[in-house]
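Please look through the structure below, beginning with the overall fold of the chain and then turning to its charged side chains.

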Amino acid sequence: MKTAFITGITGQDGSFLAEQLVEDGWKVVGLVRRSASRNLWRLRSVLDKLILVDGDLLDMGSMIDALKTHRPQHVYNLAAQSFVATSWRQPLLTGDVTGLGAARVLESVRLACPDARVYQAGSSEMFGLSTQARQNETTPFHPRSPYGVAKVYAHHLAVNYRESHKLYVVSGILFNHESERRGVEFVTRKISQSVARIATGKQTELHLGDINVRRDWGFAGDYTRAMTRMLEQDEPQDYVIATGTNWSVRCFAERAFAAAGLSMEQYLRHDPSLLRPAEIPSLCGDATRAITDLGWKPECSFDELVERMVRADLARERS
């Protein structure tokens, strides 16, 4: 049985990836930070089939020990401080976890299991203020947040380990991908949860910042399928994963309220305190390479995604 090693396994992407790998017959080992209360709710469906080991991206020794013990064939580095707004408040922590954390993963693999294939989680935030209407693998980076800067560092380091140390490393440049497992600090889940709370009488208003920002939103479960396909290619190569269509935050909110039978205008309030120091007006990905090479395509539409998230949060609030 082949073994996959996942950092960030307790997050949205880690949970979908773990489920899919277990279904495909892999032994799955997850690196989990020690805390007073482990956040394992996303892994309930496969928790008894996983091997969880203590470790941290800030502690390279813990990763080397885990990799030497389990000798994985595939390593997925999904762990990060991934909330853009927090990266402005904690830029040093973001750089250490998201940027240098990736360096520790790559170096740990080089020392402990150099034959393993590595997936490094990139981000559309690396493109930032792009001059191209749609971004692909050759689009120059222009990050607009400490998070985006850290991801650019991690991306270039992955390329360097591939070229200099001959490790099989790919960078998946994923555009925004959401689900009912998204953290409530992210705007899409904030919207779906707020709509559910308003619909059930537990909240009266939804406060948002810039609702004209446009993002290319897909379903996280579709995107994690692309990750596994990247590591199955004969030669390592970086891939953009996106739907090719973008929508405004306003559009997301309108559809979310409509899914609950409500009118957005009655409840939405603009909150200047939620504006970022530097915003990216629009991002839209071009996944032609992934469609051609990987045979991948998004299956969940934007409307289906919004409805899925609202239904899940309505069920949570009603229970």
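The radius of gyration is taken here over C-alpha atoms, and the rule for a globule is 2.2 Å times the number of residues to the power 0.38. In this predicted model, the protein chain has 319 residues, for which a compact globule would have a radius of gyration near 20 Å, and the value of 19 Å agrees with that. The C-alpha trace spans about 55 × 45 × 40 Å along its principal axes, and the chain contains ten helices and 13 strands. Of the 319 residues, 55% count as buried, while residues 24 or more positions apart account for 78% of the contacts with a separation of 6 or more.

Turning to charge, the mean positions of the 39 positive and 38 negative charges lie 3 Å apart, and the structure holds 18 salt bridges. One of them joins the side chains of E107 and R110 at 2.6 Å, N to O; because these residues are three apart in helix α4 (residues 91-112), about one helical turn separates them. E107 counts as buried because its relative accessibility is 18%, under the 20% cut-off, whereas R110, at 30%, counts as partly exposed.

Another salt bridge, between R308 and E180 (2.7 Å, N to O), links distant parts of the chain, with R308 in helix α10 (residues 302-318) and E180 in the loop between β7 (177-178) and α6 (187-199), 128 residues apart. Here R308 is partly exposed, with a relative accessible area of 29%, and E180 is buried, with 12%.

How values were computed
Residues numbered from 1 in each chain as written. Predicted model: local features only at pLDDT ≥ 70, side-chain atom pairs only at ≥ 80, totals over all residues. Heavy atoms only, no water. Helix = DSSP H or I, 4+ residues; strand = E, 2+ residues; numbered from the N terminus. Buried < 20%, exposed > 50% of the residue type's maximum accessible area, 1.4 Å probe, protein only. Contact = heavy atoms within 4.5 Å. Lys, Arg positive; Asp, Glu negative; His and termini not counted. Charge placed at Lys NZ, Arg CZ, Asp CG, Glu CD. Salt bridge = Lys/Arg side-chain N within 4 Å of Asp/Glu carboxyl O.
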